[in-house]
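Subject: Structure handover

Dear colleague,

Please find the structure below. My notes on it follow.

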Amino acid sequence: MSITIEKVTTDSELREVAELADKIWHECFVGMISYGQIDYMVEKFQSYEAMQSQIKEQGYYYLAVREDGELCGYIGLKPESGDRFFLSKLYLRSDKRGRGIGAEMLERVFAEGRALGKKRVYLTVNKHNDRAIAVYKKTGFEIVDKVVTDIGNGYVMDDYIFEYVL
Ligand SMILES: CC(C)(COP(=O)(O)OP(=O)(O)OC[C@H]1O[C@@H](n2cnc3c(N)ncnc32)[C@H](O)[C@@H]1OP(=O)(O)O)[C@@H](O)C(=O)NCCC(=O)NCCS
């Protein structure tokens with residue numbers, strides 16, 4: 001197996017990521033949030049148009065994770081002012097999990113942060129996302145806070161904030 005993690009630079013790659021995000025989110029959040037909220041969040045945060053605007057207007061960038069050339073995961077990142085680096089998205093297709101690819105993705109996140117001179121990586125994770133929480137704890141992230149975010153349409157995100165010191 002050969003894993004590559006490369007920056008998304010073209011519109012067609014971003015469309016590919018949006019298509020994968022739609023699939024992964026409709027699998028991994030089932031039981032955690034309602035179908036209505038999944039649809040709403042995918043449209044608001046992970047549609048092609050939403051990601052294009054994050055990239056153009058908010059300083060985000062995305063990395064595509066491929067195994068033997070096939071897209072199977074993605075990472076969304078946002079360098080912020082000061083010493084913090086925001087890990088906005090970390091998603092891997094279900095059939096690829098549990099084999100160390102997630103660990104490789106996180107190592108890449110840390111390398112990106114260090115290269116930019118950042119001192120800390122932070123992320124938000126749904127309080128019921130047990131697997132991701134276990135992965136973050138195993139990797140050395142620590143809970144530093146919790147936050148409830150109103151995302152509109154009557155929906156909220158009920159999250160822990162995790163931080164990793166680089
Ligand atoms: C989060 C995610 C990217 C991790 O990828 P993964 O391939 O499953 O992770 P890995 O197999 O590389 O495991 C990473 C580390 O966590 C550990 N780990 C994995 N599952 C674990 C569990 N249930 N309990 C404890 N440790 C666990 C692994 O042993 C590994 O540690 P090591 O590198 O010291 O051996 C993947 O599970 C995913 O996409 N989940 C669904 C989407 C999601 O919830 N994303 C996060 C949103 S905030």
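The model is predicted, so please read everything here as computed from it.

Helix packing

Helix α1, residues 11–28, packs against helix α3, residues 48–58, at an angle of about 125°. Their axes are 9 Å apart. The two helices are therefore oblique to each other, and the crossing of α1 and α3 is right-handed. On the α1 side the contact is made by Asp11, Leu14, Arg15, Val17 and Ala18; α3 contributes Tyr48, Met51, Gln52 and Ile55. Sorted by class, this contact has six nonpolar residues, two charged and one polar.

Helix α3 also packs with α2, which spans residues 35–46. Here the angle is about 40° and the axes are 5 Å apart, which makes α2 oblique to α3. Glu43, Lys44, Phe45 and Gln46 of α2 meet Tyr48, Ala50, Met51 and Gln54 of α3. The class count for the contact of α2 with α3 is four nonpolar, two polar and two charged residues.

Ligand site

There are 20 residues around the ligand. Those that come nearest are Leu90, Leu92, Ala103, Asn129 and Arg131. Ala103 also has a backbone N or O atom 2.8 Å from an oxygen atom of the ligand. For glycine 102, a backbone N or O atom lies 3.1 Å from a ligand oxygen. A polar backbone atom of glycine 98 is 3.2 Å from an oxygen atom of the ligand.

Regards

How values were computed: Residues numbered from 1 in each chain as written. Predicted model: local features only at pLDDT ≥ 70, side-chain atom pairs only at ≥ 80, totals over all residues. Heavy atoms only, no water. Axes fitted to C-alpha atoms, helices over the stretch in contact; angles between N-to-C directions. Helix = DSSP H or I, 4+ residues; strand = E, 2+ residues; numbered from the N terminus. Parallel < 35°, antiparallel > 145°, perpendicular 65-115°, else oblique. Left-handed = near helix turned anticlockwise from the far one by under 90°. Contact = heavy atoms within 4.5 Å. Nonpolar A, V, L, I, M, F, W, Y, C, P; charged D, E, K, R; others polar. Near = heavy atom within 4 Å. Polar contact = N/O pair within 3.5 Å; in protein donor to acceptor, adjacent residues only side chain to side chain.
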